[in-house]
Amino acid sequence: MAIDSRSQKADALLKGLQKKEGGQLKIFLGAAPGVGKTCGMLNAAKERVQQGVSVMVGLIETHGRTETEALLQGLSILPRRELEYHGQCLTEFDLDAALAEKPQLILVDELAHTNVPGSRHKRRYQDIAELLAAGIDVYTTLNIQHIASLNDLVLQVSGIRVKETVPDQFIDHAQELVFVDLAPNHLLDRLSQGKVYLSDYAEQAVQQFFQLETLTALREMAMKLVMSHVDTQLKIEQEAKDRSSDYLIKDKVLVLISNRRDHEYLIRAGRRMAEKRQTPWLVVWVDTGQAQYQAEQKRLQSAFALARELGAQTDILRGPSTKETVLPYLTEHRINTVLVGAGNKRWFQPWRQPLYQQLINSGLPLEVSVWRVGEREQATKVSLYTSTTFGQKRGYVYGLLFTLVASLFAQGLTPWLQSGNLVLVYVLFVVLCGLKFGARPAIFTALLSFLSFNFLLTEPYYTFFVNKNDDIATLLFMLVIGIVCGPAASRIRQQFLLLKEANRYSELQRDFAQQLTVVNQTGALWEILAMQVSQALHCTAHVVSFDQHEKTISPPLTETLQTLDQAMIDWCHRHQQRAGRFSDTLNASNWAAFPLLCNQQTIAVLILKFSSEQQVLRQDDTDLLDILSQQAINVWQRIHLNRELESSKLKAEMEQLRSALLSSVSHDLRSPLSAMMGSAESLQVLGSQLSSEDRSELLDTIVQESRRLDRYIQNLLDMTRLGHGTLKLERDWVSIDDIIGSAKQRLKRFFPDVQVDYQSQPNAPLLYAHAALLEQGIFNILENAAKYTKLEEPVQVLVSQQGQVCRIEIEDSGPGIAKDFREKVFDMFYVVADGDSKRHNTGMGLAICRGMIGAHGGTVKADAARVGSGSRFIIELPLPEIKTGE
């Protein structure tokens, strides 16, 4: 009977009201003890305390964990109730005291705990139910194995029947489930370190739930429970708000196909099942290493193409057998529904169970749906299967030839070897047949070898009769060994081929990644990608990149593309889909085109040209192509991101420089001009009324400000020449004493009150330098020191020679420069924020100084003063080697 939508909405609203009545329950759920549930609960409670909520600790089991005990500090703890049981004094949660205190939130650890006999309730969850009914919010903890409905499943997983369980209905009433997760291997490490249980209980815990497989399964169960709880709450909210959209998290359906049969019907059935259940679905094929022929490759490619067309995810697994490979995949991806074909009974292996029976017997919680092919598909299957057996017939032919060769060898060795040793000759060829052609031809070769050995090498000769018991035993051993060794050799070969293919892909990806680490140009990137794809797929490869609608092909083509090929590339670029050969679009072209997509845009098209003999592009090759292409796309993003960052940085620096230049020019040009104009106007208007002293002072102002303006303009010209590399050095031999003396005299004109204490070592070194430029650089530092030094203290200048280096130290007694700014002061227009002291500072003097010193091959740096809080600038100039005649 259909349920009325209004009734559903009413029920949902009623459930919502019931949850809002009374206290709110929050459960911190974990897969096992020690994952951090209690710590998570205490941290959440402290956040509530900061929000002004009254929180009380009803009961916390620390189990000797120091980190848990530390989290209890600062929280109000309810004293425990003491109970006497069998002569022992035990403590328990005091429910009555908690109800009397009635905090807004109370913490009660271990929801599944059984109370000490004599308590009001038998179980702790009953105590919590009473607290909730009283309107008190409760935080509690729970392990997944204590949920009643999972008790049997926990028994299957761990082999332990948990006795303390909590009813599912109680869990369903929780307003929030918080999943506290910790990886099983990390949890085992914590156990071994004694952070979960004390040493007395740790060994016992290992024997119970603390096994890697058990912890992994319990973790899976906890995740599913939390997801289900979220789904239920979302459904209630949607029904209460009359929403029809369904956002529930669904399980997955896996369709398992084979390349030896036409399983397109199975894929279509999987699509119908997934659509009906509204679940995601996957189509998977297991590569066991067996040789694939053209018909099998085409069938597999067609199946995957149909699966992708119908909206499925596709994947290829590799392993020795389908069952051993697919079971871990099912567990890892949390798949609970598998769709497989019924298959056929193998008359030559009556003991072997079909795949669906193996999955059912695997012990996993699986729903296995078996589909049997219809009559029409049956006919197709038989014909296709027959077409793929040519390789097996060829193996039978080679098995016959191997038997003939073994017989000739055995007869030739008869005079020297006994019949028991001659058996090894036949076994050797049986193994060779198994390695080359598989298990069935190997078994056929073993049977032929048995008959040949009986006919040629046992008495009576040239008959199939045997007279000696030893010969009968030899024949039987030969048959058994041949039947066992042949298929075993075939399986070894398959595993070897799988490992070889996996190593090949891994090496290709590793080599490609190594080459990409040094790539910083898109052209080089596309050339490396084309070369790597060409080597991996044994084809011709090129990358067509698009830059402002201009095509660039890397590496350049050695042949001209046809009109059809050009159309294929354009279509692939516009529609962002495969085109050309091995596709359904413009497949008459000899090229195959693959779009390289980044942020929903086609940045390039990879074009491949295979040999005419290749009829199909294997799924393995397609996957490898996707991986290599994605690596290249990631590098392309990195290159463009670096370019954008550099461009942004350059724009920011230019903007900062422009702003600083405008600010400096507007201030430092206007200030001296204003002073000069004011003085000149005063002389012009009031010249006759001013005394000679006033006129002299105004003229001095004009002269000083004009010199300051000249210095500023000269600094701008020097920076321009340094920036454009047009500064020419006219070197000559000059004494450092003369340069510093000239700089001191120049400084005296602008700062007459500043004293300079110059100390030089005897026999000061000679410099081969441009005297004017070097003097300007030193003067800029002296001027900077004069601005900040104290009037009563001199500027210290010390010159010394250290090896082939002339060292000049200029030290002031100013406020100094912080360590973080000692390098920035040499940037253009950078001025340390120091209040009014920067009013006459353009921020170019030190930058010019570094440029001029650097032009001489020297260095300049800022450091702290030796004494006090001043600054010390250190200039180091290389001394030329003076060659003397012999």
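1. A residue counts as buried when its relative accessible area is under 20% and as exposed when that area is over 50%, with partly exposed in between. By this rule D181, at 35% relative accessibility, is partly exposed. The model discussed here is a predicted one.

2. Overall composition. The protein chain has 27 helices and 25 strands. Of its 886 residues, 41% count as buried. The accessible surface comes to about 48700 Å², and carbon and sulfur atoms account for 53% of that area. Among contacts between residues at least 6 apart in sequence, 69% join residues at least 24 apart.

3. The largest nonpolar core. This core has 36 residues, among which I736, L767, I778, I808 and I810 touch the most other members. Elements that each supply at least two residues include helix 25 (736-750), strand 21 (766-769), helix 27 (845-855) and strand 25 (871-878). Helix 26 gives the most, with seven residues. Setting aside residues up to four places away in sequence, I808 touches I736, I740, I778, L798, V799, F873, I874, I875 and L877.

4. The side chains of E809 and R872 form a salt bridge, with an N to O distance of 3.1 Å. Because E809 lies in strand 23 and R872 in strand 25, the pair ties together parts that are 63 residues apart in sequence. E809 is buried, with a relative accessible area of 5%, and R872 is also counted as buried, at 10% relative accessibility. Both residues belong to a network of salt bridges that links R807, E809, R822, D863, R866, R872 and E876.

5. In one of them R219 pairs with D181, the closest N and O atoms being 2.8 Å apart. R219 is in helix 10 (residues 212-240), whereas D181 is in the loop between strand 8 (176-179) and helix 8, and the two are 38 residues apart. R219 is partly exposed, with a relative accessible area of 24%. A further salt bridge joins the side chains of K551 and D570, at 2.7 Å from N to O. This pair links strand 15 (residues 550-554), which holds K551, to helix 21 (residues 563-575), which holds D570, across 19 residues. K551 is partly exposed at a relative accessible area of 39%, as is D570 at 25%.

6. Helix 8. Which residues of helix 8 (residues 184-192) are buried? They include P184, L187 and L191. Seen down the axis of helix 8, its buried residues fall within an arc of 60 degrees, so they line one face of the helix. An α-helix has 3.6 residues a turn, so residues three or four places apart point the same way. Just after helix 8, G194 takes a positive phi of about 80 degrees.

7. A nonpolar patch on the surface. V397, Y398, L400, L401, L404 and F444 form this patch, with about 520 Å² of accessible area together. Helix 16 (residues 390-412) gives the most to the patch, with five residues. Y398 is found in helix 16, and at 35% relative accessibility this tyrosine counts as partly exposed.

Notes:
Residues numbered from 1 in each chain as written. Predicted model: local features only at pLDDT ≥ 70, side-chain atom pairs only at ≥ 80, totals over all residues. Heavy atoms only, no water. Core = buried A, V, L, I, M, F, W, Y, C linked by side-chain atoms within 4.5 Å. Buried < 20%, exposed > 50% of the residue type's maximum accessible area, 1.4 Å probe, protein only. Helix = DSSP H or I, 4+ residues; strand = E, 2+ residues; numbered from the N terminus. Contact = heavy atoms within 4.5 Å. Patch = residues over 30% accessible without salt bridge, like charges linked within 9 Å, V, L, I, M, F, W, Y side chains within 5 Å. Areas by Shrake-Rupley, 256 points an atom, 1.4 Å probe, with all protein chains shown as cover. Salt bridge = Lys/Arg side-chain N within 4 Å of Asp/Glu carboxyl O. Arc of directions from axis to C-beta.
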